[in-house]
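Below is a short report on one protein chain.

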Amino acid sequence: MEVYRKRLDAFGFNALVVDGHDVEELTKAFHEASVTKGKPTAIIAKTFKGRNFPKVEDEENWHGKPLGDKADATIEHLKSLIKNAGPLQLHPQKPLVEDAPATNISNIQLSSPPNYKLGQKVATRESYGVALTKIAENNKHVIALDGDTKNSTYSEKIKKVSTDRYVECFIAEQNLVGVAIGAACRGRTVPFVSTFAAFFTRAFDQIRMGAISQTNVNFAGSHCGVSIGEDGPSQMGLEDIAMFRTIPGATVFYPSDAVSCERAIELSANTKGVCFIRTSRPATAVIYPNETVFQIGKAHVVKKSSKDTVLLVGAGVTLHEALSAAETLEKSGVHARVLDLFTVKPIDQAALVQNAKECGGRVVTVEDHYPEGGIGEAVLTALAEEAVKVKVLAVREVPRSGPPTVLIEKFGIGANSIIGAVKEITA
């Protein structure tokens, strides 16, 4: 224990070593922590597994095992250690001062609706910051946490509402997620955690355990895919959709423009469980009117005609590539329908099935993500029982640095690649 004490002491802690089984020692340590000024206190509690269990305490091979035939003897031994045994029943007393009044974190709304012009180019990472500010204006329990990327994720915009509601956790993503899960306990806050989407992979265990503990935390991952450009593959989130899709009960938003992004933030603030909002670095055109209604699990058809022979499914930057491809194809007499998923989980199976059938059972998915666990596989699962043909366009190798438009085409998810896929599937 002295080794641990010296380590913490070297980092400037008031480090205290105590017997973790001794309530009096722990109480004294907490008191010392409360009166120590100028430095944080770290309490190092030495404990033993199976404390006071005969022939079990501090022994090997007892972790996670039932006591079996040792149970009765162990219970009797524990009873013999009780001091002042008698009919007295102990009940916790109510606190003398109620310093944690009830909070209201329901029905959180944007303080004002989206206000964009059709065709205006805005990055969804920026509209995330705008929406975060709007819901923070309407509910004092909305907070933002970031991992030293606040001017890139735009989480710093919440400081305009209140600097006290921004928590900087620096480049320590596991701690970032842990702090957010703690802040969400007992419904005290509505936390929005942001960093580059790729960096959430560092905290997968914390996210997974948070879901098991039924946490309500919102994660916003920016800088996803090869479309971030020159920052290179170490910064490109290409596994994040797959990661968050595996989280039980999670909702995965993938907004494609500023209007849908603002509504995604509003919806996630009111959704139980883990929510992930995937935002993009490039500025993309606003395609939805400000009054458009969005719902979890409901896709939007953004281009349609009665002559459509293929369904293009995308989200984020690839939705815009799909729209561009559809316009080019139309000039050559090939009509393509374009569907925006909005949420990858839950996915709109009904819309996928209906539109795929109306387009002759031909579907092309395109995503700025690796193929494993991404949009393509989500769509394939949704259409598994249908007589359809699906081509999946995704990033299929470790990418490199370069201009975003060049990388999108190089790695097979741009408009030209979509056109090629449509020609193959409709041949």
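## A buried threonine in a loop

Thr 149 has 9% relative accessibility, so Thr 149 counts as buried. The model is predicted. Thr 149 sits in the loop that runs between β4 and α5 (150–153). Leaving out residues up to four places away in sequence, Thr 149 touches Ser 194, Thr 195 and Phe 196.

## The chain as a whole

The chain has 427 residues, and buried residues make up 47% of them. Its secondary structure comes to 14 helices and 16 strands. The C-alpha trace spans about 90 × 55 × 40 Å along its principal axes. Take the contacts in the chain with a separation of 6 or more: residues 24 or more positions apart account for 76% of them.

An unreviewed UniProt entry carries the annotation "domain: Transketolase-like pyrimidine-binding" for residues 122–286. In the model, the end C-alpha atoms of that span lie 7 Å apart. Residues 122–286 are 35% helix and 19% strand.

## The largest nonpolar core

Which residues have the most contacts inside the largest nonpolar core? They are Phe 200, Phe 219 and Phe 244, in a core of 47 residues. Several elements each supply at least two residues of this core, among them β4 (142–146), α7, α8 (240–245), β12 and β16. Helices α11 (349–358) and α12 (375–382) also each supply at least two. Helix α6 gives the most, with 6 residues.

Phe 244 has a list of partners beyond four places in sequence. It touches Phe 200, Ile 207, Phe 219, Ala 250, Val 252, Val 274, Phe 276 and Lys 345. Three of these names return in an aromatic cluster: Phe 200, Phe 219 and Phe 276 form one cluster with Phe 244.

## Aromatic pairs

The structure holds 9 aromatic pairs. Two of them are described here. Phe 200 and Phe 219 form an edge-to-face pair, 5.4 Å centre to centre, with 85° between the planes. Phe 200 lies in the loop between β6 (190–196) and α7 (204–212), and Phe 219 lies in strand β7 (residues 218–222), so the pair ties together parts 19 residues apart in sequence. Both rings belong to buried residues. Phe 200 counts as buried because its relative accessibility is 0%. Phe 219, at 1%, counts as buried too.

The second pair is Phe 253 with Phe 342. The ring centres are 5.8 Å apart and the planes stand at 75°, so this pair is edge-to-face. Phe 253 lies in strand β8 (residues 251–253), and Phe 342 in the loop between β13 (336–340) and β14 (343–345), so the pair ties together parts 89 residues apart in sequence. Phe 253 and Phe 342 are both buried.

| Lysine | Ring | Distance to ring centre |
|---|---|---|
| Lys 159 | Tyr 166 | 4.8 Å |
| Lys 410 | Phe 411 | 5.4 Å |

Leu 339 lies in strand β13. Its relative accessible area is 0%, so Leu 339 is buried. Leaving aside neighbours within four places in sequence, Leu 339 is in contact with Ala 299, His 300, Val 301, Leu 311, Leu 312, Val 313, Gly 314, Leu 319, Ala 351, Leu 352 and Asn 355. Leu 339 and Lys 304 are 35 residues apart in sequence, and their C-alpha atoms are 8.8 Å apart in space.

## Helix α14: two faces

Which residues of helix α14 (residues 415–425) are buried? They are Ala 415, Ile 418, Ile 419, Ala 421, Val 422 and Ile 425. Why do they count as being on the same side of α14? They cover an arc of only 165° around the axis, which puts them on the same side.

The face of α14 turned away from the buried side carries exposed residues: Asn 416, Lys 423 and Glu 424. What covers the buried residues of α14? The cover includes strands β12 (310–314), β15 (362–366) and β16 (389–393). It also includes helices α10 (317–331) and α13 (404–410).

How values were computed. Residues are numbered from 1 along each chain as its sequence is written. This is a predicted model: local features need pLDDT of at least 70, side-chain atom pairs count only at pLDDT 80 or more; totals for chains, interfaces and linings use all residues. Side-chain values use heavy atoms; hydrogens and water are left out. Rings of Phe, Tyr and Trp (its six-membered ring) pair if their centres lie within 6.5 Å; planes under 30 degrees apart count as stacked, over 60 as edge-to-face and the rest as tilted. Helices (H or I, at least four residues) and strands (E, at least two) are DSSP runs, numbered from the N terminus. Buried means under 20% relative accessible area, exposed over 50%, partly exposed in between (1.4 Å probe, protein chains only). A charge sits over a ring if NZ of Lys or CZ of Arg is within 6 Å of the ring centre and within 35 degrees of the ring normal. The arc is that of the directions from the helix axis to the C-beta atoms. Contact means heavy atoms within 4.5 Å. UniProt positions are given in the numbering used here, feature names are shortened, and annotations may be inferred rather than shown by experiment. A nonpolar core is a set of buried Ala, Val, Leu, Ile, Met, Phe, Trp, Tyr and Cys residues joined through side-chain atoms within 4.5 Å.
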